[in-house]
Amino acid sequence: MRIYFKYIQVLFRSEMVYKKSFILLCIGQFFVPFSIFFAMFLLFDQFGNLEGWDFYEVALLFGVIHLSFAISEMFFRGFDGFSTLVVNGEFDRILVRPRSTVLQVLGSKIDFTRIARILQGLFVLSLALTHIEIQWTFLKGMTVFFMIIGGIAIMSGLFIIFASMCFWTVQGLEIANIFTDGGREMTQYPLTIYAKGFRIFFTLIIPFGMVNYVPMQFLMDQTHQVSIIYAFAPLYGLLFLIPSLMIWRFGVLRYKSTGS
Amino acid sequence: MRAYIALFRMRLMLEMQYRAAALAGVMTQFFWGMINIMIFEAFYRSSVFRPAMTMAELTTYIWLQQAFLVLIMLWIRDNTLFEMIRSGNVAYELLRPVETYYFWYFKLLAHRMSGALMRCLPILLVALLLPKPYRFVIPSDMLTFALFVVTLTLGVAITVAISMFIYISVFVTLSPRGSVLIFAVIGEFFAGLVIPIPLMPEWLRNFVYLLPFRYTGDLPFRIFTGNIGHAEAFQGLLMQCFWMISLIAVGRFLMNRVLNQLVVQGG
């Protein structure tokens, strides 16, 4: 853990060398999700509701997934651009050091401009939380927290899985975007609006639904049976990290250097 | 002119080599299209409100956006040009016996056309075979189709003219990331790529009609779906010509100015 903080410090200092560019990029990063959020607002403004969901309920989902995505994108950027480490042989150097590979890849890159996106996520989330009509309890507060944690775990898991694919393909896979960017795009709305096959796949296999409509049913007191399960459902997202790390391990074991 | 056409053909052949990347792009865009249609369909299902576009038109509109994404997205860029500006190698470009603005313009045009040629057909073919709410519908009369082809061509010409401003701005800032991001966010929103323009509230629509961005993709796509009639289509076509000529004129003026003031350090 100490080493990881050291990595963060070093990377932050190198980022700060280009301060003006950093600030401009942050402003830009803020407005990317903002334009999507604004579009969502316009749609609700005209249509009124989305299958019974109102604007602030969907804004809560939007805030949760964008916050999770921004956090994992910031810290897991090393996995996102992992193919370059394999292509240029940098990964060989990582392997000979006496520290875990996951830690070193994490420390290879941190994208600080994502702070702006994190702020944007927090902004939407707090807007939603202050306007949404919910009878708050302590457990419900915890559920929102679990949703963010679960979201981070799922996104990070996806980054790790697609980085592991590089052990086989060397090149990064553009298809990965379907699950990461596409997953975020999809999960900013309740998954209940999509076709059944989509919903089931993205609830059980890649468990976006567990940080989306499932816990929302608990927050809005719409659960029929054992509501406590719905409250802790987001933690199912953490389980997604287990197969992800297993695939990574397996990939590292059968890694053959590109020789460059 | 012949030099530009030769360049265009060369570039086209080069791009055709990257088929695997194109396939990945096709899958991604297909997924994106499906999600978007499902979202809008859910909105249409939940409310009695009807915007000035039917769901069937909207579906076709979204498939066209996805199929011709490469023609209209402003974040699609040629990094070699940025690298040239940053490293000073742009000096060699100035030695060529062709005007740099047009040289780059046709290079970028070819880049977009070849990308779209490879991607549009598979997406549209599959979309044609989908079941009802997701199906892509082809217009029945030839005039609509002809108008679509002409306006789409002019649309790409406008997209490239707008994107030239990104390259020009990099001469000043030297870092492309910020420029690309800001142009992309603003341009794509006003081009109807985040929500289709007919779904925007009236005040915003009136504003968007004053800007050039909707003439890139929105106009041709709505002509194709039948959302815009023939008379209005001809009006739009004239506006496209106006925007294309003025954007290129302003772009050339600015480009020549930055090039005149350009200082390339030796080394």
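Which helix of chain A holds Trp168(A)? Trp168(A) is found in helix 9, residues 138–169 of chain A. The model is predicted.

**Trp168(A) and its surroundings**

- Trp168(A) is exposed, because 10 other C-beta atoms lie within 10 Å, and a residue with 12 or fewer counts as exposed.
- The C-alpha atoms of Trp168(A) and Gly251(A) are separated by 7.7 Å. Along the chain, these residues are 83 residues apart.

**Helix 9 against helix 16 in chain A**

- Helix 9 of chain A packs with helix 16 (residues 241–253) of chain A at an angle of about 20°. Their axes are 8 Å apart.
- Angles under 35 degrees count as roughly parallel, so helix 9 and helix 16 of chain A are roughly parallel to each other.
- The crossing of helix 9 and helix 16 of chain A is left-handed.
- Helix 9 of chain A contributes Ala153(A), Ser156(A), Gly157(A), Ile160(A), Ile161(A), Ser164(A) and Phe167(A) to the contact.
- Helix 16 of chain A contributes Leu241(A), Ser244(A), Leu245(A), Ile247(A), Trp248(A) and Gly251(A).
- By class, the residues of this contact between helix 9 and helix 16 of chain A are 8 nonpolar and 5 polar, with no charged residues.

**Buried residues in helix 7 of chain A**

- Helix 7 of chain A spans residues 101–108. Its buried residues are Gln104(A), Val105(A), Leu106(A) and Gly107(A).
- The cover over the buried residues of helix 7 of chain A includes helix 1 (2–15) and helix 3 (55–75) of chain A. It also includes helix 4 (77–80), helix 5 (82–87) and helix 6 (90–96) of chain A.

**Contact between the chains**

- Chain A gives 29 residues to the contact, and chain B gives 29 residues.
- On the side of chain B that touches chain A, the elements giving two or more residues are helix 2 (19–46) and helix 9 (176–190) of chain B.
- Helix 2 of chain B supplies the largest share of that side, 14 residues.
- The side of chain B that touches chain A has 21 nonpolar, 6 polar and 2 charged residues.

**Helix 2 of chain A against helix 9 of chain B**

- Helix 2 (residues 19–47) of chain A and helix 9 of chain B pack at an angle of about 20°. Their axes lie 9 Å apart.
- Helix 2 of chain A and helix 9 of chain B are therefore roughly parallel to each other.
- Helix 2 of chain A passes helix 9 of chain B in a left-handed crossing.
- From helix 2 of chain A, the contact uses Ser21(A), Leu24(A), Leu25(A), Gly28(A), Phe31(A), Val32(A) and Ser35(A).
- From helix 9 of chain B, the contact uses Arg177(B), Gly178(B), Leu181(B), Ile182(B), Val185(B) and Phe189(B).
- The contact of helix 2 of chain A with helix 9 of chain B has 8 nonpolar, 4 polar and 1 charged residues.

**Spans listed in UniProt**

- An unreviewed UniProt entry lists "transmembrane region" at residues 21–43, 55–76, 118–138, 144–170, 191–214 and 226–248 of chain A.
- Residues 118–138 of chain A are 71% helix and 0% strand, with end C-alpha atoms 24 Å apart.
- Residues 191–214 of chain A are 50% helix and 0% strand, with end C-alpha atoms 9 Å apart.
- For chain B, an unreviewed UniProt entry places "transmembrane region" at residues 20–40, 60–76, 116–134, 146–168, 180–199 and 237–255.
- Residues 60–76 of chain B are 71% helix and 0% strand, and their end C-alpha atoms lie 23 Å apart.
- Residues 116–134 of chain B are 74% helix and 0% strand, and their end C-alpha atoms lie 21 Å apart.

Methods:
Residues are numbered from 1 along each chain as its sequence is written. Chains are lettered from A and ligands numbered from 1 in the order in which they are written. This is a predicted model: local features need pLDDT of at least 70, side-chain atom pairs count only at pLDDT 80 or more; totals for chains, interfaces and linings use all residues. UniProt positions are given in the numbering used here, feature names are shortened, and annotations may be inferred rather than shown by experiment. Helices (H or I, at least four residues) and strands (E, at least two) are DSSP runs, numbered from the N terminus. Two residues are in contact if their C-beta atoms, placed from the backbone, lie within 7 Å. Ala, Val, Leu, Ile, Met, Phe, Trp, Tyr, Cys and Pro count as nonpolar, Asp, Glu, Lys and Arg as charged, and the others, Gly among them, as polar. A residue is buried if 20 or more other C-beta atoms lie within 10 Å of its own, exposed if 12 or fewer, and partly exposed in between; C-beta atoms are placed from the backbone. Axes are lines fitted to C-alpha atoms, for helices over the stretch in contact, and angles run from 0 to 180 degrees between N-to-C directions. Angles under 35 degrees count as roughly parallel, over 145 as roughly antiparallel, 65 to 115 as roughly perpendicular and the rest as oblique. A crossing is left-handed if the near helix is turned anticlockwise from the far one by less than a right angle, and right-handed if clockwise.
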